[in-house]
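I opened a new structure today and kept notes as I went. The entries follow the order in which I looked things up.

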Amino acid sequence: MTSANGNSEIRKGAVNNRTVILSPARSRRPSDFKSKSDSNRSSGADPQCPFCAGNEHQCAPEIFRSPEYSTSDWKIRVIENLYPALSRDVEVKSDDVDYRHADVISGEVRLGGFGFLDVVIESPVHSVHLPDLAPAEVAGVLLAYKKRIEQLCGIGSISYVQVFKNHGASAGASMSHSHSQILALPVIPSTVSTRFNSMKEYHNQSGKCVLCNINTNNLLIDESNHFISISPFASTFPFETWIVPRYHSSHFHELDEDKAIDLGGLLKLTLQKLSIQLNDPPYNYMIHTSPLQVTSSQLPYTHWYIQIVPQLSTIGGFEMGTGCYINPVFPEDAAKILREVKIPA
């Protein structure tokens, strides 16, 4: 709920160690938030789209498809990115290996631009988007992520795999056909290290996993058998939503088929609610998993989750300069609004 006197609050999240300013005085009513950006949702087929069925020859090489032996009746394709940020043909030199696992690096470091950037085409139909799919079909997309991560686990120089989806041009999508991406890196990004260390600190102080023990008071949106959706206590962005496993799990790719279907249903519901309430906003979602090489002593405090961020605001110099974000919507208000959204039959 919004602060009773309408005052701002400063909050710090235990998961990512990030400080935010909740400032409702800077905004209109939370229920009035609507996207004004074009989400790039297409209403029909595009004969020029390389992601559409029949245009497979226009794409970069395919890694795999589902069903595995399908031809023109494929449901999901995982392909190489035609314009990758990193090269899958350049191996990191062995004398650079120590840099990949360092939490603090003194001085400047240069590594070869090795890594993998893949695209997951979520449907052969141009006008079909992820929340349009049935829960089992969303699960198919999630299991495609799992399969590709498991393949990347076999490459010893890969340290971290980031799954993400950009929906809408202002969220970074260059193609309107529904797709997501998988980026595999030979380093652990600093934001991941910060989250990892914050989870460790919470566990050292409490003896508990921070996400197993997460605050859901007035923040819970929906729940399924194995997952919950919440507005995080220290939300960085308006209507930011997390989907968190109710069971302890360090790595996303531990997901099994039954839990994938359960997650598919909750992810679909969450995206539908955000679309209805916020006028189909551009959005990003990211799967925050653990680094691939974690020790048995680190497993008790590492826990994966999905972060969904509707693109409703812009960041300025204060945010870039401090890493502290100003959010005009209290997460308790966002959770209440999203709980009450009704999905049309």
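Before reading any strand partners I noted the rule for pairing: two strands pair if DSSP finds at least two bridges between them. With that in hand I looked up β11 and β12, residues 283-288 and 305-310, and found them antiparallel and joined by 6 bridges. Within this pair, Tyr-285 stands opposite Ile-308 of β12. I also noted that the model is a predicted one.

**Entry: overall count**

I listed 6 helices and 13 strands in the protein chain. The chain has 345 residues, and 52% of them count as buried. I then checked contacts with a separation of 6 or more, and 73% of these are between residues 24 or more positions apart.

**Entry: the open sheet**

I traced an open sheet of 10 strands with antiparallel pairing, in the order β3-β4-β5-β7-β6-β11-β12-β10-β9-β8. Its edges are β3 (62-66) and β8 (220-223); each has a single partner strand, so one side of each has no neighbour in the sheet. On average, neighbouring strands here are turned by 20° against each other, direction ignored.

I followed the β8 end further. β8 and β9 form a hairpin with 3 residues between them, and they pair antiparallel over 3 bridges. Glu-223 stands opposite Ile-228 in β9.

Which faces of β9 (227-230) are covered? I found both covered: Phe-227 and Ser-229 are buried on one side, Ile-228 and Ile-230 on the other. I also looked for what lies across β8 and β10 (241-245), and found helix α6 (331-339), which runs at about 40° to β8.

**Entry: nonpolar cores**

I looked up the largest nonpolar core and counted 48 residues in it. Those with the most contacts inside this core are Tyr-145, Phe-239, Phe-252, Leu-263, Leu-267 and Ile-308. Helix α2 (135-153) gives the most to this core, with 8 residues.

Beyond its neighbours within four places in sequence, Leu-263 is in contact with Leu-142, Phe-227, Ile-243, Phe-252, Leu-255, Trp-304 and Ile-306. Another core, of 14 residues, lies apart from the largest one and includes Val-15, Phe-196, Val-244 and Tyr-301.

**Entry: helix α3**

I compared the length of α3 with expectation. At 1.5 Å a residue, its 17 residues should span 24 Å, and the end C-alpha atoms are 24 Å apart, which agrees. The buried residues of α3 are Val-192, Ser-193, Arg-195, Phe-196, Ser-198 and Met-199. I found β6 (160-167), β11 and β12 among the elements that cover them. Just after the helix, Gly-207 takes a positive phi of about 75°.

Asn-215 sits in the loop between α3 (190-206) and β8. Is Asn-215 buried or partly exposed? Its relative accessible area is 36%, so I wrote it down as partly exposed. The side chain of Asn-215 reaches the backbone nitrogen of Asn-217 at 2.9 Å. I also checked Phe-233, 18 residues away along the chain, and the C-alpha atoms of Asn-215 and Phe-233 are separated by 7.2 Å.

I found β1 (9-12) and β2 paired antiparallel over 4 bridges, with Lys-12 opposite Thr-19. Their hairpin has 6 residues between the strands, and in it Asn-17 takes a positive phi near 60°. β2 is also joined to β13 (325-327) by 3 bridges, and this pair runs parallel. The bridge partner of Leu-22 in β13 is Asn-327.

My last stop was Asn-16, in the loop between β1 and β2. I noted a relative accessible area of 18%; the cut-off for buried is under 20%, so Asn-16 counts as buried. A polar atom of its side chain lies 3.1 Å from the backbone nitrogen of Arg-18. Leaving out residues up to four places away in sequence, Asn-16 touches Thr-194, Arg-195, Ser-198 and Trp-242.

How values were computed. Residues are numbered from 1 along each chain as its sequence is written. This is a predicted model: local features need pLDDT of at least 70, side-chain atom pairs count only at pLDDT 80 or more; totals for chains, interfaces and linings use all residues. Side-chain values use heavy atoms; hydrogens and water are left out. Helices (H or I, at least four residues) and strands (E, at least two) are DSSP runs, numbered from the N terminus. Axes are lines fitted to C-alpha atoms, for helices over the stretch in contact, and angles run from 0 to 180 degrees between N-to-C directions. Contact means heavy atoms within 4.5 Å. A nonpolar core is a set of buried Ala, Val, Leu, Ile, Met, Phe, Trp, Tyr and Cys residues joined through side-chain atoms within 4.5 Å. Buried means under 20% relative accessible area, exposed over 50%, partly exposed in between (1.4 Å probe, protein chains only). A polar contact is a pair of N or O atoms within 3.5 Å; within protein, one must be able to donate a hydrogen and the other to accept it, and residues adjacent in sequence count only if both atoms are side-chain atoms. The expected span of a helix is 1.5 Å times one less than its number of residues.
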